[in-house]
Amino acid sequence: MENKNERRREEILRISGVNPRKCMKCGKCSATCPSYDEMEYHPHEFVYMVESGELAPLLESKSIYKCLTCFACVERCPRGVEPAKLIEAVRLTVIREKGANHLKADDIPAKLDEEIPQQLLMSAFRKYSK
Amino acid sequence: MQRIGVFVCHCGTNIAGTVDVVAVAEALKNEPGVVHSAEYQYMCSQAGQDLIKAAIKEHNLSGIVVCSCSPRMHEATFRKTAAAAGLNPYMVEIANIREQCSWIHKDMASGTEKAIILGKAAIAKVNLNTPLTPGESPVTKRALVIGGGIAGIQTALDIADAGFPVDIVETKPTIGGKMAQLDKTFPTLDCAACILTPKMVDVAQNEKIRIFSYSEVVDVRGFVGNFDVTIKKRARYVKEDICTGCGLCTEKCPQKKVPNEFNLGMDNRRAIYIPFAQAVPKVATIDADYCTMLKTGKCGVCAKVCTAGAIDYEAKDEFIEEKYGAVVVATGFNPISMDKFDEFAYNQSKDVITSLEFERLTNAAGPTAGKLLRPSDGEHPHTIVFVQCVGSRCEACAEKGKEYCSKICCMYTAKHAMLTRDKYPDTDVYVFYIDVRTPGKAFDEFYRRAVEEYGVHYIKGMVGKVSPEGNKLKVQASDLIAGKQLHIDADLVVLAAAIEPDKSARGLATMLTASMDTNDFFTEAHPKLRPVESPTAGVFLSGTCQGPKDIPETVSQAGAAASKVIGLLCKDKLTGNPCVAQSDEMMCNGCSSCERVCPYGAITYSDKEFRMPDRTTKIRRVASVNPAVCQGCGACTVACPSGAMDLNGFKNNQIMAEVDAICKM
Amino acid sequence: MQEVMRDKLVAKAKELLTGGVVTRVLGWKRGEFCYDLTPGIFKSADELDKEFDFGDFAAPNLSKYLIDETRKEDGKVAVFMKPCDTYSFNQLLTEHRIDREKVYVIGVPCEGMIDNKKLSAAADGIKNVAVDYENVVVETLWDGNVTVPRESVLAERCLNCKSKKHVALDELVGYEDEITECNRFDEVARLEAMTPEERFEFWQGELSRCIRCNACRDVCPACTCEKCVFDNPSSGVESKAPSDSFEEKMFHIIRAFHVTGRCTDCGECSRVCPQNIPLHLLNRKFIKDINELWGEYQAGAEVGSRAPLVNYTFDDMEPSEAVERGDKNA
Amino acid sequence: MRKISLDKLDLLFAKIAENQSLYIPSDSVEGAKFTKWTNGTALTNELNTVRGIKDFFFPQSEDLMKFKMQGKNIEVIDIRDEHEDFVIFGARACDVRAMTVLDNVFLHAEPVDTYYKNRREHGIIMSLACTRPVETCFCGTFGIDAANPEGDIVCHKTDDALYMNAVSEKGTALLDSLSDITEDADTKAVDEQKALIKERMTKLPLAELTTDAFGGGKTEKFFDSPEWAKLSESCLGCGTCTFVCPTCQCYDIRDFKTNDGVVRYRCWDSCMYSQFTRMAHGNNRNSQKERFRQRFMHKLVYYPENNNGMFSCVGCGRCLAKCPIRMNIVKVMKALEGTDNGSN
Amino acid sequence: MQDVTNFKPLIVAFCCNWCSYAGADLAGSNRLAYPADVKIIRVPCSCRVNPMFILRAFQRGADGVIICGCHPGDCHYTSGNYYARRRMSLLFSMLDYLGIERDRTRVEWVSAAEGAKFAATMNDFVEKVTALGPNKRLEDLRCKK
């Protein structure tokens with residue numbers, strides 16, 4: 001169990017490329033967050049909890065879906081911690097762990113459409129497939 | 001051929017315990033050049049030294065090798081011993097057979113063998129030693145202080161107090177610097193002007209001190225004790241010696257719309273101005289960018305009203321050349337630009353101000369005559385938000401802020417908050433902080449007073465966003481302790497902007513060949529042991545040009561720098577380290593490689609005429625080393641492909657002789 | 001095959017001489033055969049007419065001669081330079097070895113020079129040589145005409161030409177050209193990929209042939225020391241002869257090290273080596289390392305640039321990492 | 001005269017190599033080179049080797065003696081020993097003549113160079129006539145007959161056989177020892193080849209070059225010639241010409257400090273080097289012009305003056321091929337020749 | 001000739017006066033042992049070490065050469081070790097290129113306080129060089145005559 005949590009944590013850090021140790025706990029990310037009131041766990045708490053390995057509450061929290069990915073926190077963090085990327089990585093972990101491939105390679109041809117940029121399909125494929 | 005004496009020390013049993021000192025002395029007897037070899041209990045003792053002195057005289061020794069402890073321990077001792085016996089002190093070499101032999105090897109056989117090899121290496125080296133004489137250079141007994149803020153003022157006063165002439169060069173029309181703009185000072189709440197202006201007057205009245213205001217240093221040549229400095233005295237169009245500082249011109253000048261930099265642009269001044277009432281020198285200056293007379297040739301009001309006849313529209317920049325023995329850099333700081341911090345709406349609302357602007361707003365001589373009024377509408381603000389660390393400790397955004405802590409913000413914000421609550425108890429004051437840092441005498445007590453006695457709301461958390469709405473500033477912030485997001489409708493937001501070294505410092509560092517860190521703060525020669533000296537000899541650091549610091553710290557550093565300068569100027573001659581680089585002009589190619597690696601700017605080039613063996617002459621560019629500046633690192637000797645550059649005391653052939661001796665099994 | 005012909009250069013040189021722009025011209029002199037051009041000074045139109053030559057064998061890089069030539073007398077000297085020569089010229093300017101005011105640089109485009117060694121290997125008894133883009137036709141003494149592809153006899157440095165662009169110029173005769181894409185580091189990479197034992201064998205075989213004639217050093221436009229450490233009795237490393245394999249290694253390592261960051265990769269060292277030692281592979285190793293460790297640096301590309309060894313950054317790679325970098329044999 | 005068919009050449013080499021080292025010109029990375037024969041070493045098709053046979057008798061560097069230091073005492077150790085016997089096969093006429101040039105210096109004048117003599121006594125030279133001279137060849141200029149080289153055994157290689165004629169005592173003894181694998185031969189094939197070579201020599205580009213203007217006694221005529229300045233202006237001062245020259249014989253004697261003493265060795269030196277014959281007062285020849293002049297004056301004037309008119313150039317053409325800037329003795333001779341008819 | 005199994009390497013260590021030489025002294029003061037095979041040459045700064053010295057050591061029979069200087073940023077002369085770092089990167093890379101065993105050369109930054117590091121470094125270096133055996137690829141046979 002311990003190991004799984006640690007693996008998850010590393011996976012989150014790897015996906016996001018975030019080093020939470022850089023955080024100096026100023027709270028500017030949460031101060032700037034437009035979804036603050038909607039969230040149970042706020043950006044600075046994400047950083048702190050990932051750093052300390054408290055992943056379970058985060059993974060179960062609705063907060064991960066409340067982040068608008070507006071990147072205000074990324075823009076304003078004085079230490080370049082990039083909390084939004086971390087939240088995104090937690091969200092992705094949840095999606096991936098749910099097991100299902102939301103988008104299969106076989107599905108793609110059917111979805112091809114002149115209106116949809118190919119890049120979008122590609123990134124969706126990357127994001128929603130194991 | 002040298003006549004070398006070898007002296008092997010037992011150091012009690014420290015060496016003799018694992019090294020057979022008698023065998024070492026015996027083995028080294030047969031080395032080339034050795035004419036005398038002896039061992040003794042304690043070579044560094046008086047008796048031991050006497051033994052060496054006697055041997056030098058008896059055997060007419062030209063060099064000695066002492067096999068003993070580390071040269072870092074007793075090299076100086078034995079050099080003095082040699083000198084006392086009439087031998088050049090640089091004819092002494094130490095073989096380190098204690099720290100690097102007897103203390104680390106347990107086995108007598110291998111310890112003895114190694115000690116013999118180390119002795120042979122030292123003998124091989126001393127065989128190639130030549131007597132060295134430290135170079136001497138005279139000292140110009142005058143100091144230059146660049147920057148006329150509190151750091152420069154204090155340094156100049158202290159140096160002048162010791163009886164040496166000092167010149168202060170200040171780019172502004174007056175000395176005083178940032179401190180002159182402050183209202184009160186923490187933690188005692190003295191009025192800044194009350195403690196600064198008497199010092200400024202002292203400077204003005206001190207016969208030893210000359211002030212070059214409205215001036216800058218444009219060229220520095222030379223080296224410690226002998227700097228040749230060119231100072232550009234910008235034209236101020238007012239004859240300094242005639243102007244009485246009556247200020248009539250500054251009242252009559254018709255050009256009224258000039259932003260007043262002393263009040264940070266919060267009000268206006270005239271095109272001819274005296275920055276503030278206590279300015280030193282108290283003379284007017286015409287701002288050529290705004291003066292109608294200078295721009296169009298029509299006006300001349302100031303000349304008409306000036307009864308002293310001090311106005312001179314034809315004035316030109318003057319260049320003054322002066323010699324100095326020492327240079328003190330006291331160029332100070334500036335708050336960084338807030339332009340890039342959109343989230344705090346500094347450029348959108350007049351009611352978002354920096355702390356320095358806040359100082360002016362609360363200063364009796366400021367734009368509001370000391371009343372705390374909102375810049376936008378002149379109303380009294382009821383809710384004030386102070387934001388800490390704006391641009392400080394900011395690693396991610398190098399183009400926006402600074403990675404370091406600006407050090408002074410915690411304290412001055414506490415001061416601002418406290419004074420505001422003191423004068424206007426009806427005001428709500430919030431301070432958003434990341435950490436409160438108060439190391440300093442009576443500092444934490446001061447901060448706690450602000451919280452406990454004055455009821456300032458200190459909130460752990462950062463402000464994320466300030467948005468002007470109507471006549472309010474909507475402040476959105478974190479309260480990390482309460483775990484909530486705060487929304488405050490503020491009337492005034494004060495940003496504790498990070499401070500950075502003055503922009504002029506970089507060019508100055510290049511001229512002085514003084515090094516800077518990546519933030520453009522001057523580097524000290526040693527961060528702990530030589531904090532007020534730059535690595536470049538004769539250049540000293542005072543105040544915030546070296547790093548963020550508050551007034552007490554600045555003043556103490558200024559005094560320290562002054563004492564270093566005084567120590568230097570007291571000498572009639574400077575004696576250098578003779579182990580300096582030397583260029584063989586016959587072999588020098590003039591390629592400048594050495595010049596480029598020299599950290600001290602000790603190498604210069606000149607064209608010289610050489611007589612060639614075939615009787616023709618050839619002009620070549622060759623390097624020469626200034627022994628007073630060179631510190632003897634040897635970087636140039638390796639950069640030089642022809643081997644023209646060599647280092648006295650550590651010559652190529654000496655090091656190679658050591659290598660050979662060590663490898664000779 | 002050179003696009004710009006000898007006569008055009010002679011005309012240009014004469015114009016400069018008679019017009020008083022220069023007092024002498026540094027160029028190539030015709031030899032006994034069609035291929036043995038010697039650098040020389042021309043002081044009159046007559047000399048130019050009689051002796052000047054240019055073509056596929058104008059290999060010598062003339063830049064180094066300017067050191068002495070510009071110190072000799074007043075007045076300018078005109079010099080012909082192929083693109084690669086101009087890099088050496090710039091490097092010498094950077095090192096203050098040449099007075100730029102005294103030189104008039106005439107750029108000559110270059111289509112690649114023919115390697116004499118390759119040519120003599122391809123045909124015995126060379127009477128005459130005709131070159132076009134494709135082929136080299138050698139008229140031989142005993143075997144009639146022998147035709148070989150031009151590529152097969154081009155100098156190695158020309159096959160891996162780094163630039164056909166003149167980086168220093170007062171005037172160009174002929175056409176302008178560009179910096180070229182080349183694979184000049186392939187051979188170095190091939191050696192790097194070997195095991196240390198193989199590399200040692202390779203270099204032992206190459207360097208043991210050295211006869212210490214010093215041709216590589218004396219022709220090298222970066223080796224301009226007033227007195228070379230290897231000629232200086234007081235340097236402690238002076239030596240005249242190869243001996244028991246160490247001296248040659250010392251000489252070539254130190255020589256390469258001394259020209260590091262200053263070597264423009266002109267390839268003269270390998271061209272002149274009578275023992276066919278690929279000396280340029282030492283210099284190229286340093287250039288490749290410099291490019292990989294501290295960013296691309298081409299010596300001589302511009303005047304006044306700061307050579308990598310008289311420069312540093314705070315976060316340069318550690319020597320151990322530098323050696324182990326990209327290690328395939330670890 | 002003896003002969004052996006070419007397909008048995010290896011047998012011949014093997015037989016010679018039984019009793020002594022045999023060196024034959026063979027291809028290598030540096031070009032053709034005398035290589036110690038072992039089974040499989042193949043004869044080169046190149047006309048000549050990059051370096052001549054000088055190296056065998058006068059190597060680039062050789063130890064002369066040793067000093068050992070014990071405390072403050074010095075012991076001198078003679079390290080000479082008898083050289084092993086060796087045979088050089090395939091030396092060309094020019095290179096063999098070069099040995100005569102060296103002999104005049106090292107053997108025929110007092111004091112005799114015993115290091116050189118030792119090697120010379122133990123070496124046998126099997127020369128080989130040149131059927132395909134190249135454009136840089138001009139041995140004829142110095143009266144050398146490429147069709148009929150000197151040496152201990154003179155060889156001619158035809159399409160099918162190698163003909164060998166012993167012309168010295170050492171050569172005869174060696175050839176006798178090979179009698180069981182060689183057979184007697186008449187001179188017909190060799191004579192035909194000689195005629196061909198003689199004809200080819202006249203067709204060489206440098207066939208017309210003569211030494212008429214040079215020789216002993218011409219010092220004053222050429223010493224101050226203005227040509228020297230022009231000829232030497234591009235000389236780099238490297239030692240390539242001297243080190244590939246089969247007749248250059250200058251050397252330096254130096255000491256090398258080993259870990260327990262000193263080895264005194266000699267190594268080739270070059271009069272082109274600025275450090276050559278450096279003395280306490282400095283250098284004798286300070287400019288490259290003077291050094292350059294020395295080399296060619298020595299070959300064309302000084303040496304013949306002391307050696308009955310024999311020139312110390314053999315026309316092998318190595319300097320023509322190897323000089324980095326392609327200055328060479330032919331260019332020098334032609335330039336000086338032009339001034340021979342002048343007033344000075 | 002020494003027996004390989006009994007091989008004692010000869011190590012030349014160039015130490016800068018301000019940090020590493022002092023570090024070596026500290027190792028001595030703390031009685032931290034390292035093999036007697038290591039012989040230290042004091043230089044003012046790591047930037048004083050000329051590649052010629054290193055080759056000279058190998059020529060004369062050294063089996064390994066190590067250069068110790070102040071940590072980057074701590075140079076007594078502010079920038080010396082930065083130059084040394086660049087020079088040695090190139091030199092060692094070249095020696096590697098020529099097939100010389102890379103474990104025979106090393107650069108290590110040792111401060112005046114790092115006596116333990118100095119001793120550990122030397123122990124490790126001696127061990128590595130011992131494993132390589134005598135230096136054959138960069139020796140001068142004449143020196144052994």
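**A close look at chain B**

Modeller: In this predicted model, the centres of domain 2 of chain B and domain 5 of chain B, taken over C-alpha atoms, are separated by 33 Å. These two domains do touch, and their contact takes nine residues from domain 2 of chain B and six residues from domain 5 of chain B. If you sort the residues on the domain 2 side of chain B that touches domain 5 of chain B by class, you find four nonpolar and five polar residues, and no charged ones.

Chain B is divided into domain 1 (4–127), domain 2 (136–233 + 317–332 + 504–573), domain 3 (235–316), domain 4 (334–500) and domain 5 (581–648).

Next, consider a sheet in chain B, an open one of three strands in the order S11-S12-S17, where the pairing is antiparallel. Strand S11 (215–223) and strand S17 (318–324) of chain B are at its edges, and each has a single partner strand, so one side of each is left without a neighbour in the sheet. From one strand to the next, the twist averages 20 degrees. Strand S12 (residues 226–233) of chain B runs antiparallel to S17(B), and seven bridges join the two. You can find one pairing by eye if you start at Asp228(B), whose bridge partner in S17(B) is Lys323(B).

In soluble globular proteins, nonpolar side chains tend to be buried together.

Leaving aside residues up to four places away in sequence, Cys67(B) touches Val6(B), Phe7(B), Val8(B), Cys9(B), Val24(B), Ala95(B), Ile97(B), Ala115(B) and Gly119(B).

Finally, we come to the neighbours of chain B. Seven pairs of chains touch, and among these pairs the most contacts are between chains B and E. The contact between them takes 38 residues from chain B and 36 residues from chain E. On the side of chain B that touches chain E, at least two residues each are supplied by helix H3 (71–84), helix H4 (98–102), helix H5 (108–127), helix H17 (635–639) and helix H18 (652–663) of chain B. H18(B) gives the most to that side, with eight residues. By class, the side of chain B that touches chain E has 19 nonpolar, twelve polar and seven charged residues.

No contact joins chain A and chain E, whose closest C-alpha atoms lie 23 Å apart, and none joins chain A and chain C, for which the closest C-alpha atoms lie 20 Å apart. Chain A itself is divided into domain 1 (2–99) and domain 2 (101–130), and 26 Å separate the centres of these two domains of chain A, taken over C-alpha atoms.

Notes
Residues are numbered from 1 along each chain as its sequence is written. Chains are lettered from A and ligands numbered from 1 in the order in which they are written. This is a predicted model: local features need pLDDT of at least 70, side-chain atom pairs count only at pLDDT 80 or more; totals for chains, interfaces and linings use all residues. Domain bounds come from an automatic or database domain assignment. Ala, Val, Leu, Ile, Met, Phe, Trp, Tyr, Cys and Pro count as nonpolar, Asp, Glu, Lys and Arg as charged, and the others, Gly among them, as polar. Two strands pair if DSSP finds at least two bridges between them. Helices (H or I, at least four residues) and strands (E, at least two) are DSSP runs, numbered from the N terminus. Axes are lines fitted to C-alpha atoms, for helices over the stretch in contact, and angles run from 0 to 180 degrees between N-to-C directions.
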